[in-house]
Amino acid sequence: MLALFMAVPGGSSGEKTGIMEDCIFKIAKGDKEALAELYKQTHAAVYGFALSLLKNKQDAEDVLQDVYIQVWKNAGGYRAKGKPLAWLFTITRNLALMTIRQQKRTVSVAPEDWQAMFADEPAVNHEDKMVLGALLGSLSDEERQIVVLYAMTGLKHREIADLLDLKLTTVLSKYSRAIKKLRSALKEADR
Amino acid sequence: MTRDHEMERNIRTALEHAAPNKLNSILSSCNEANNNADMSVSSQTESGRKEGAVIKMSEKKRRKTGLAAIAAVAAAFVLCFGGYYLLGRGQTPQVDSIVMLDVNPSLSLYVDAAEKVISAEALNDDAKEILGTMDLKDTSLEVAVNAIIGSMLQKGYLGDLQNSILVSVENSDAAKSQEIEQKVSQAIASAVQTDSSTSVDAAVLSQTVSADDTQLKELAAQYGISLGKAALIQEVITQDASLSFDSLATMSINEIALIASSKHIASDTVTQTGTASDKAYISREEALAAALSHAGVAEGDVSYSKIEFDSEDGVMVYEIEFRAGTTEYEYDINAVSGEVLKFEKEDHGSQGQSAGQGNTGNATDTSAFIGEDAAAQAALSHAGVAEADATYINSYLEYDDGRPEHYEVEFMAENIRYEYEIDLYSGAVLKNSAEQKGNHQDAQQTQPAQTQPAQTQASTQASSGNYIGETAALNAALSHAGVAEGDLTERKVELDRDDGRMIYEIEFKAGRMEYEYDVDALTGDILKAESDWDD
């Protein structure tokens with residue numbers, strides 16, 4: 001399949017899609033540098049999505065690692081549809097669901113505990129901790145997944161709806177509500 | 001919807017900072033995966049070397065007697081020729097069949113024409129544990145299966161609670177496939193029976209699969225499951241359209257077998273002997289009792305009930321439907337804990353319907369709420385639609401985390417589908433949207449009614465008269481693409497909000513090309529243009 005990208009003002013998401021797809025094809029041929037490049041481009045988004053599904057730092061890290069091992073093994077099965085991110089997130093979600101199912105538990109943790117969980121991470125500054133605390137502690141699962149996908153990817157409304165198997169209107173309204181909740185949670189934490 | 005870019009940026013930064021660097025361990029795991037693949041190759045070259053060893057021995061013998069030497073050389077020739085013949089058949093020359101075993105550990109045995117194992121490949125971590133240091137090379141298929149099943153029993157992957165095994169055989173010869181399928185199934189049954197430490201009755205599901213099914217291979221790769229499991233799921237969802245690949249992919253073979261048998265799915269391609277164990281779950285009676293007590297319905301009042309296993313987001317549930325009086329109930333009960341995961345009821349005696357998600361634990365007093373009918377009235381009057389003009393009206397309590405949050409009211413009038421969120425106590429409109437249905441023009445507006453920033457309100461209120469219109473937007477895209485309208489085979493134009501501005505999302509096809517455009521709804525500027533070969 002040949003993909004053409006015409007002059008697109010601010011249309012970098014299309015170019016990125018092309019780069020990512022290119023990486024996956026190279027990975028299928030055993031190119032480790034391509035895997036490293038794909039990891040660099042996408043790992044924060046994959047981690048964020050895994051974290052929003054699992055609500056557990058250690059589990060999310062494990063899933064993050066497994067996602068790229070799956071990509072390495074299964075890149076040959078990827079078919080170019082211009083949706084490499086959707087493919088990555090499907091793998092992420094499946095691995096996360098498997099983890100949840102094996103553990104037969106889901107935990108909900110208070111915002112303060114989330115901040116504590118990232119206390120040992122030198123790269124995570126005070127503001128980051130507040131955001132993570134609000135994100136993980138004050139949103140419903142769906143709201144969190146939606147906000148993270150918006151923040152971390154260039155996916156379109158409809159693609160996010162498809163990925164989460166939600167109605168477009170639900171995604172739009174939950175996004176708005178989630179942002180409101182985040183604002184008030186952060187204001188609260190600031191006090 | 002207005003995007004909050006600052007918040008998104010903060011989230012992005014936080015997650016980028018929080019994301020661990022796993023690249024090195026990923027790359028080294030990939031090396032391992034490669035080595036495993038190499039191992040199966042090296043085992044083949046090793047067996048090649050063995051043939052060489054036989055030749056060497058014959059050479060030694062040759063020194064003893066001349067006649068024997070000639071015979072030995074002849075034998076060596078036969079061996080070489082035989083080896084060459086096998087090698088000539090393809091890249092992985094000796095593999096005649098692939099036998100896949102799925103329990104939760106998933107593994108593949110590569111087997112030669114004489115049913116000796118060439119190599120074994122673990123398809124997941126559980127299988128790595130099972131195969132461990134087992135050396136199955138050159139053992140007969142039956143011995144290998146016996147050893148693997150023994151290990152699964154010992155390690156608890158097979159037992160009272162999970163007793164189902166899927167056998168999938170891939171061989172270009174259909175008759176040979178079936179023969180191996182039967183042999184392996186019997187080997188499993190006897191391996192399980194002879195294991196004195198357990199009293200497990202295995203359920204063996206078996207099938208033959210084709211290596212040529214690229215679509216299935218793609219699905220298997222996408223979900224990270226074996227080709228055999230993908231084939232089983234495919235078969236199950238073909239028989240019962242209410243099930244999805246997605247919901248079954250994370251389930252174990254035992255769970256899939258239970259769901260399939262409780263839904264009375266009969267298959268021509270999958271043979272099953274034995275019964276899948278349901279000992280890990282509460283009984284059907286207990287599940288029904290949990291639903292009845294949640295609904296406050298006495299068992300004697302139930303006129304009809306249906307109880308089936310199902311997968312809800314990868315969780316094993318009992319899906320229960322029952323009727324009491326004129327009311328129909330639908331429940332999803334966690335099959336392990338008996339917890340109510342979802343319930344819905346519909347009263348056929350009146351218009352009302354209520355649905356919700358929640359736990360038995362927090363049944364809420366709803367008497368202080370305005371009620372579903374009042375909520376529907378509030379929504380209708382806000383929309384300026386008379387009740388008589390609505391083709392249907394749904395009004396129900398919407399729950400979030402088990403607590404009632406608002407009334408959700410949906411109705412349709414003159415091809416417009418309305419969705420409202422109504423406050424539980426005051427009947428105020430919290431949010432509303434209207435969507436045009438039934439033609440290609442899918443205009444849609446969503447607005448949070450409660451806290452509209454002035455700007456949002458202004459732009460949403462701006463009548464579509466300010467916009468250039470769908471025809472002009474499409475024309476702008478067509479002229480950019482250099483495509484004549486008459487050449488279009490498919491088209492879709494949608495008014496949408498993106499990054500706080502109104503745009504027309506346009507998709508069309510001409511010839512073998514697919515185009516996607518975003519056009520500014522006010523100015524007609526092309527904001528995005530993409531084109532793709534349609535495959």
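## Ground rules

Residues count from 1 along each chain as its sequence is written, and chains are lettered from A, with ligands numbered from 1, in the order in which they are written. Since this is a predicted model, local features need pLDDT of at least 70 and side-chain atom pairs count only at pLDDT 80 or more, while totals for chains, interfaces and linings use all residues.

## The two chains

Chain A has nine helices and one strand. Helices here are DSSP runs of H or I with at least four residues, strands are runs of E with at least two, and both are numbered from the N terminus. Reading chain A from the N terminus, the order is β-α-α-α-α-α-α-α-α-α. Of its 191 residues, 48% count as buried. Buried means 20 or more other C-beta atoms within 10 Å of the residue's own, exposed means 12 or fewer, and partly exposed is in between, with C-beta atoms placed from the backbone.

Chain B has 14 helices and 20 strands, and 36% of its 535 residues count as buried. Now for contacts, where two residues qualify if their C-beta atoms, placed from the backbone, lie within 7 Å. Looking at contacts between residues at least 6 apart in sequence, 61% of those in chain A join residues at least 24 apart; for chain B the figure is 48%.

## A helix pair inside chain A

Helices α2 (residues 32–54) and α7 (residues 141–152) of chain A pack at an angle of about 175°, with their axes 9 Å apart. The axes are lines fitted to C-alpha atoms, for helices over the stretch in contact, and angles run from 0 to 180 degrees between N-to-C directions. α2(A) and α7(A) are therefore roughly antiparallel. On this scale, under 35 degrees is roughly parallel, over 145 roughly antiparallel, 65 to 115 roughly perpendicular and the rest oblique.

From α2(A), Ala44(A), Ala45(A), Gly48(A), Phe49(A), Ser52(A) and Leu53(A) meet Arg144(A), Gln145(A), Val148(A), Leu149(A) and Met152(A) of α7(A). By class, that contact splits into seven nonpolar, three polar and one charged residues. Ala, Val, Leu, Ile, Met, Phe, Trp, Tyr, Cys and Pro count as nonpolar, Asp, Glu, Lys and Arg as charged, and the others, Gly among them, as polar.

## Where A meets B

Across the chain boundary, 50 residues of chain B are in contact with 61 residues of chain A. On the chain B side, α1(B) supplies the largest share, 11 residues. That side has 22 nonpolar, 12 polar and 16 charged residues.

Helix α6 (residues 126–138) of chain A packs with α1 (residues 5–18) of chain B at about 105°, their axes 9 Å apart. The two helices are therefore roughly perpendicular. Asp128(A), Val131(A), Leu132(A) and Leu135(A) make the contact from α6(A), and Asn10(B), Ile11(B), Thr13(B), Ala14(B), His17(B) and Ala18(B) from α1(B). Six of these residues are nonpolar, three polar and one charged. Ala14(B), with 26 C-beta neighbours inside 10 Å, counts as buried. Leaving out residues up to four places away in sequence, Ala14(B) touches Asp128(A), Val131(A) and Leu132(A).

## Nonpolar cores

A nonpolar core is a set of buried Ala, Val, Leu, Ile, Met, Phe, Trp, Tyr and Cys residues joined through C-beta atoms within 7 Å. The largest has 83 residues, and Val99(B), Ile188(B), Ile256(B), Ala291(B) and Ile333(B) touch the most other members. Strand β8 (residues 315–324) of chain B gives the most to this core, seven residues.

Ile256(B) touches Leu232(B), Ile233(B), Val236(B), Leu248(B) and Met251(B), again not counting residues up to four places away in sequence. A second, separate core of 68 residues includes Val46(A), Leu88(A), Leu95(A) and Ile160(A).

## Two positive phi values

Most residues other than glycine have a negative phi. Glu115(B) has a positive one, near 60°, and lies in the loop between β2 (106–111) and β3 (117–122) of chain B. With 18 other C-beta atoms within 10 Å, Glu115(B) is partly exposed.

Asp138(B) also has a positive phi, near 70°. Its loop runs between α4 (125–131) and α5 (141–154) of chain B, and Asp138(B) is partly exposed, with 15 other C-beta atoms within 10 Å.
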